[in-house]
Amino acid sequence: MFLLILGVLLWVAAHFFKRAAPDLRASLGEKGKGMVALALFVSVVLMVFGYRMADGAVFWGRHPATVGINNLLVLVAIYMMSPAPKKGKLLAGMRHPMLTGFALWAVAHLLVNGDMPSFILFGGLLVWAIAEIVVINRAEPDWTPPVPGPISKDFIFIGASIVLLLVIGYIHGLLGYPVFG
């Protein structure tokens, strides 16, 4: 579990670095972007290996109803994390569609994974996404929604989101985590 916890903490630290130490981040310039990207890559590797190696108490498992709800929520999350909010019409008035989608993704995974490693991974990332929204809103209270794009873009991104969900589901199945039943 140590690697998993370390991965989640590194993810959080890398994302909050700009806000926690703005002068240091600014002094690093372009090199700072590379350092943050490297930290995020390492955090993902740690989370993946940590999660696969972790063991812990199981409070609930998969149920056909929660699997269906999970898949629907993940589809919505993928759509929210796509370019649709900036290029389409449906989510144009939403301030944090990517972070909200990420939080929705985490909630969806908690529905079907009721074990301690999942609480640490998905619960930790859920708390991070919510905290990130709060921090951004406090640091930048003024926000103007972008000009909405055409609704046709939304349909394109919905279709792309469905395809991406199928690909992600297939890869999950190859890794031993079946998502479609």
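The following dialogue explains how to read several features of this predicted model.

Visitor: What conventions apply here?
Guide: In this predicted model, local features need pLDDT of at least 70 and side-chain atom pairs count only at pLDDT 80 or more, whereas totals for chains, interfaces and linings use all residues. Residues are numbered from 1 along each chain as its sequence is written, and side-chain values use heavy atoms, with hydrogens and water left out.

Visitor: How many helices and strands are there in the chain?
Guide: Helices (H or I, at least four residues) and strands (E, at least two) are DSSP runs, numbered from the N terminus. The chain has 7 helices and 2 strands, in the order α-α-β-α-α-α-β-α-α.

Visitor: What share of the residues counts as buried?
Guide: Buried means under 20% relative accessible area, exposed over 50%, and partly exposed in between (1.4 Å probe, protein chains only). Of the 181 residues, 37% are buried.

Visitor: How many salt bridges does the structure hold?
Guide: A salt bridge is a side-chain nitrogen of Lys or Arg within 4 Å of a carboxyl oxygen of Asp or Glu. The structure holds 2. One joins Arg 19 and Glu 140 (3.3 Å, N to O). This pair links distant parts of the chain, 121 residues apart: Arg 19 lies in helix α1 (residues 2-20) and Glu 140 in the loop between α6 (116-139) and α7 (151-174).

Visitor: Where do Lys 33 and Glu 30 lie?
Guide: Both lie in helix α2 (residues 22-53), 3 residues apart, about one turn of the helix. Lys 33 is partly exposed at 49% relative accessibility, whereas Glu 30 is exposed at 60%.
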